[in-house]
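Good morning, and thank you for the time. I would like to walk through one structure, beginning with a sheet and ending with a single side chain.

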Amino acid sequence: MAISLTPSAHARIRGYLDADPAALGLRFGVSRTGCSGWGYKADMAREQAADDQVFDADGVSIYVDADSLSLIDGTEIDFVKQGLNEQFVFRNPNVAGECGCGSSFTTDADKLA
């Protein structure tokens, strides 16, 4: 599978990359956090690690570390605007549950552990 971007997410990330010529692309992954266990992290990639999987989304490189890949493989990243609010939204097929505030998630693999 892969990590994909909607057109609105692609445009937003492309804008960040155009403003930061030192950035290689988007770094996307997860870390342990919140009440459900995993939280997304996204930033500009400044270097490629030896264990990174790199996905190309119409010219935007997305860097994912090996530890995160199984938890986010197949995720679609969107950027939505609702009124004055705007945010990235992650549609992750691996999510089995989310905390009440929506800041963290769990997977079926977590339930088995």
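S6 and S7 are joined by seven bridges and run antiparallel to each other. Please keep in mind throughout that this is a predicted model. Within that pair, valine 80 has glutamine 87 of S7 as its bridge partner. The sheet to which they belong is open and has three strands, in the order S1-S6-S7, with mixed pairing. Its edges are S1, residues 4-5, and S7, residues 85-91, each of which pairs on one side only. Helix H1 packs on this sheet and touches S1, S6 and S7. The direction of H1 makes about 90° with that of S6.

I turn next to strand S5 and its partners. S4, residues 53-57, pairs with S5 in the antiparallel sense through five bridges. Alanine 57 is placed opposite valine 60 of S5 in that pairing. The two strands form a hairpin with two residues between them, and aspartate 58, in the turn, has a positive phi of about 50°. S2, residues 25-33, runs parallel to S5 and is joined to it by two bridges. Here arginine 27 stands opposite tyrosine 63.

Is S5 enclosed or open to the outside? Five of its five residues, 60-64, are buried, so the strand is largely enclosed by the rest of the structure. As a general point, side chains in a regular strand alternate between the two faces of the sheet. In S5, both faces are covered. Val60, Ile62 and Val64 are buried on one side, and Ser61 and Tyr63 are buried on the other.

Leaving aside neighbours within four places in sequence, arginine 14 is in contact with Gly59 and Val60. Arginine 14 and valine 60 are 46 residues apart in sequence, while their C-alpha atoms are 7.0 Å apart in space. Arginine 14 counts as partly exposed because its relative accessibility is 29%, which lies between the limits of 20% and 50%.

Now to the interior. In soluble globular proteins, nonpolar side chains tend to be buried together. The largest nonpolar core in this model has 21 residues. Those with the most contacts inside it are Ile3, Leu5, Leu26, Phe28, Ile62 and Ile77. H1, S2, S3, S4, S5, H2 and S6 each supply at least two residues of this core. Beyond four places in sequence, leucine 5 is in contact with His10, Ile13, Ala57, Val60, Ile62 and Ile77.

Finally, I come to threonine 75. This residue lies in the loop between helix H2, residues 66-72, and strand S6, residues 76-82. Why does threonine 75 count as buried? Its relative accessibility is 0%, and therefore it falls under the 20% limit. Which backbone atom does its side chain reach? It is the backbone oxygen of isoleucine 72, at 2.6 Å. Not counting residues up to four places away in sequence, threonine 75 touches Ala2, Ile3, Ser4, Phe28, Phe90, Arg91, Asn92 and Pro93. As for aspartate 108, it lies 33 residues from threonine 75 in sequence and 16 Å away in space, C-alpha to C-alpha.

That concludes the tour, and I would welcome your questions.

Methods
Residues numbered from 1 in each chain as written. Predicted model: local features only at pLDDT ≥ 70, side-chain atom pairs only at ≥ 80, totals over all residues. Heavy atoms only, no water. Helix = DSSP H or I, 4+ residues; strand = E, 2+ residues; numbered from the N terminus. Buried < 20%, exposed > 50% of the residue type's maximum accessible area, 1.4 Å probe, protein only. Polar contact = N/O pair within 3.5 Å; in protein donor to acceptor, adjacent residues only side chain to side chain. Contact = heavy atoms within 4.5 Å. Pairing = 2+ DSSP bridges. Core = buried A, V, L, I, M, F, W, Y, C linked by side-chain atoms within 4.5 Å. Axes fitted to C-alpha atoms, helices over the stretch in contact; angles between N-to-C directions.
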